[in-house]
Amino acid sequence: MAEYNFRDIEKKWQAYWEENSTFNAQVDESKKKYYVLDMFPYPSGAGLHVGHPLGYIASDIVSRFKKQQGFNVLHPMGFDSFGLPAEQYAIQTGQHPALTTETNISRYKEQLGIIGFSFDWDKEVRTSSPEYYKWTQWIFLQIFNSWYDTKADKAKKIDELVALFETEGNQNIKASCDEDTPLFTAEAWKNMARKEQQDILMKYRLTFLSETFVNWCPELGTVLANDEVIGGVSERGGHPVERKKMWQWSMRITAYADRLLKGLEEIDFSEPLKDMQRNWIGKSHGCSLHFNVENSERVLEVFTTRADTVFGVSFMTMAPEHEWVAELTTDEQRAEVEAYVEQAKNRSERERMTDVKTVSGVFTGSYAIHPFTGKKVPIWIADYVLSGYGTGVVMAVPCSDTRDYAFASHFDLPVVRIQEGEKTDISQDDFDAKAGKMINSDFLNGMSVKEAMPAMISKVEEMGIGEAKVQYKMRDAVFTRQRYWGEPIPVYFDEEGVACPLDESQLPLNLPEVDEYLPTATGEPPLGRAAGWKKDGKYSYELSTMPGWAGSSWYFLRYMDPKNGEAFADPKAMAYWNQVDLYIGGAEHATGHLLYSRFWTKFLYDIGYIQFEEPFKKLINQGMIQGRSNFVYRVNGTNKFVSHSLRNEHETTRLHVDVNIVENDQLDIEAFKTWRPDFKDAEFILEDGKYICGAEVEKMSKSKFNVVNPDDIVNRFGADTFRLYEMFLGPLEQFKPWNTNGIDGVYKFLKKLWRLFHGGANGAFQVSDEKATKDELKIVHTAIKKVTDDLERFSFNTSVSNFMICVNELQTKKCNKREVLTDLVKIVAPYAPHIAEELWTLLGNKESITKAGFPVCNEAYLKEDAFLYPVMINGKMRAKIELPADASKEEIEKAALAHENVVKWTEGKTPKRVIVVPKKIVNLVI
């Protein structure tokens, strides 16, 4: 019998695709394009587990489907190969990160290869390759040499700004720039020294150097982005993170804040992900307001969205990092303030924003003067105020804001009511901050909140103590990391300390060799160890490297033309492939990679390098495949293990056990004894002669011993089974548990599919050229319709169910008609490509099934020729009649009344009512 030998079949077709460059994509103006992209992986040493390929399988199915439909499909793969793990391994072992990365990439490609993906490996990119990061550096230089014209609402070349300075100064220029940028005339500009001019330009550049508060991780020796800090510790390694002021390169992403918000309306992302970006950007309408400080020339500026509440201000709070904290702290309060500031350094901004239960703060000893009442307002320090949002100072209104109220209650500060009416008491659960009428608010008294807000802003502007303003929560993106394994920043510092960009002809600036991958003895980043690494032998390069998101912000463009040495991609290729049509990846990148990539794309559009503003038309966030852990139960104080159902008869400790030595929850006892040395003499209390393990769904992790290697699954069941099973587990976007026990059903389905084509003697291939019956055509065209609809809706799990139904029905009818099986194998091909290619060849075809086309449903085959009507008499079914499906109501009624059973049960009586529902029922009331 010709058995389904998946190992031979899959090796054969994987070799065929590679040898024939089946998935190599070239620009072809005669075809419609479809660009499918996966978020490329960081090649970790652990390799892939069964959860990782989930999104890749989904994107592969869509790619193959579109290719069969006649689209020119670009489906590339590469590696986000700069990363901290390789550097940490280098610190521990001395092995260069490039060697570790190369080894890991080889392992990844091996694993990806056996799953049968339709990747165009000719387009492979690696962010750590000098041929790639040359262009990351080039884009950095374009951003560095640009400024943002807010009037034109786009980026422009810095040379245009310099020309404006020379002719009119900067007094009429509307630009996104530092808030402390001074005003000057054209004459003043011309009289400035070169360094002074460069310092001014740095305040306008879209990539700029400034002293800023950052998340500093001493253990990792680097700065971390806000999204890399969780709960006050680094996302990777869980090391403490503190707020620290350092000179850093940043990118002025805030210039694009409004366009990033508006762009969300043009792209097909999930609403939860859009909301994550909206909240991260955090657009607020309000006004700035000035408070003089008693006995000081300092003026505290606050930003508030509720200017109408100013008469409720009873204290002010400053961020612990605010530059005036030391100056405004009195001697009596200094020790307490310094201790509090030091403590606040150890909490991340995210933690401070989300931790609403902890109330802490300290009084500075200084007072502000209320701009309307003239009363003294105490100035406090509180870590719920962030230095990077607004001005780092908050006017506290405890009657209107829950955090201010909690602070005032904790420190016994006044709470002044400024609204009256229902739901205006903040101590009550039904409190509404915008309810009621204004009271205790001078000229605002009697107004509603809606009326008071614009009235107060007008008054503030009239008095010259503030102005209407739009504020964003998003900060400019810190762009430097104090580590080795990243892109060198193409900047050097001249004899005046001016940051100078390298000439484009000098790119790439390659990573130099170093003796160790640690900071220098004087605290410089690892690049400070590079012997003789100087521009022209005398000027110092920037010693920090780019962040992990730099290379991933534009990689989708490089895939279009990855071997181009003259440009980051050919304009014709970018015009053709254009935006990514389908992007699949994790939602954890919502406020990192996805935002930065959108930013860089808009910038490249502004300066004329690409023709579109958004990188990704549609994004699907795949869910996580969770692990199914197994447990053994050790009797306390012994090396004896009791089976799951008997565990309550003993005092036991539950231990994770390697799921790879468990099958259907039954422990392989001999394998367990060799798993760990301390278990070699283990004893067991069994149930029915077996040791049954406990089970629980958890995150797949090496520490829980529940990692399942896809290589093992493919070796046991085949890549097609693995692909189908991953899709069968549930909707792509949902979290679902992996359970190897369930895969056997999918494997049996493929064997059943194989047997449809092998019904000859001794299981030989046998397909009939006999014409298919209506029923057989209806079965396959029903499947075509459902699978096509599923693929257009990205509902992959339901397609697998439809395949199973179709094959079962064809098997029941013993159908082996070529007309039917040809279409069946075509619709299965995107999901199970190896078996489909083999069956397609057996059907006599010479070319790959990828060129076969995807069948279109013929609706005529789905129409019913007849319908079996139940006939109800006084609520009870008394007859069934089969009639043409297109019979009229009159014909149905006439046939029903003439039926012998109806005549019998009506006893010659004329029905009072006859109700006919076409293709449903006939109801008679006697």
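Strand E35 (residues 866–873) and strand E38 (residues 921–925) pair in the parallel sense, over three bridges. The model is predicted. Within this pairing, isoleucine 873 stands opposite leucine 924 in E38.

- Four strands make up an open sheet, ordered E36-E35-E38-E37, with mixed pairing.
- Strand E36 (876–884) and strand E37 (913–917) are the edge strands, and each pairs on one side only.
- From one strand to the next, the twist averages 20°.
- Helix H28 (residues 889–898) packs on the sheet and touches E35, E36, E37 and E38.
- The direction of helix H28 makes about 130° with that of E36.

**Nonpolar cores**

- The largest nonpolar core holds 181 residues.
- Phe140, Trp249, Leu557, Trp600, Trp738, Phe796 and Leu824 touch the most other members of that core.
- Helix H5 (residues 130–144) gives the most to this core, contributing nine residues.
- Another core, of 35 residues, lies apart from the largest one; Leu300, Val302, Tyr340 and Val377 are among its members.
- What does tryptophan 600 touch, not counting residues up to four places away in sequence? Its contacts are Thr136, Ile139, Ile143, Met251, Phe479, Trp549, Ala550, Ser553 and Trp554.

**Aromatic pairs and a cluster**

- The model has 70 aromatic pairs.
- The rings of tyrosine 34 and phenylalanine 71 have centres 5.9 Å apart and planes at 70°; the pair is therefore edge-to-face, as the planes are over 60 degrees apart.
- This pair links distant parts of the chain, with tyrosine 34 and phenylalanine 71 lying 37 residues apart.
- Tyrosine 34 sits in strand E1 (residues 33–38), while phenylalanine 71 sits in the loop between helix H2 (54–68) and strand E2 (72–74).
- Both tyrosine 34 and phenylalanine 71 are buried.
- Phenylalanine 568 and tyrosine 609 have ring centres 6.1 Å apart and planes at 70°, so this pair is edge-to-face.
- Phenylalanine 568 and tyrosine 609 also link distant parts of the chain, 41 residues apart.
- Phenylalanine 568 is in the loop between helix H17 (555–558) and helix H18 (571–577).
- Tyrosine 609 is in the loop between helix H19 (593–606) and strand E26 (619–621).
- Are the members of this pair buried or partly exposed? Phenylalanine 568 is buried, with a relative accessible area of 3%. Tyrosine 609 counts as partly exposed, at 31% relative accessibility.
- One aromatic cluster is formed by Phe140, Phe144, Trp249, Phe479, Trp549, Tyr596 and Trp600.

**Charges over rings**

- Arginine 647 lies over the face of tyrosine 633, 5.5 Å from the ring centre.
- Arginine 878 lies over the face of tryptophan 905, 3.7 Å from the ring centre.

**Tyrosine 541**

- Tyrosine 541 belongs to strand E24 (residues 539–541).
- Its relative accessible area is 11%, so tyrosine 541 is buried.
- Leaving aside neighbours within four places in sequence, tyrosine 541 is in contact with Val491, Tyr492, Phe493, Leu502, Leu509, Trp533, Lys534 and Lys535.

Conventions
Residues are numbered from 1 along each chain as its sequence is written. This is a predicted model: local features need pLDDT of at least 70, side-chain atom pairs count only at pLDDT 80 or more; totals for chains, interfaces and linings use all residues. Side-chain values use heavy atoms; hydrogens and water are left out. Rings of Phe, Tyr and Trp (its six-membered ring) pair if their centres lie within 6.5 Å; planes under 30 degrees apart count as stacked, over 60 as edge-to-face and the rest as tilted. Helices (H or I, at least four residues) and strands (E, at least two) are DSSP runs, numbered from the N terminus. Buried means under 20% relative accessible area, exposed over 50%, partly exposed in between (1.4 Å probe, protein chains only). A charge sits over a ring if NZ of Lys or CZ of Arg is within 6 Å of the ring centre and within 35 degrees of the ring normal. Two strands pair if DSSP finds at least two bridges between them. Axes are lines fitted to C-alpha atoms, for helices over the stretch in contact, and angles run from 0 to 180 degrees between N-to-C directions. Contact means heavy atoms within 4.5 Å. A nonpolar core is a set of buried Ala, Val, Leu, Ile, Met, Phe, Trp, Tyr and Cys residues joined through side-chain atoms within 4.5 Å.
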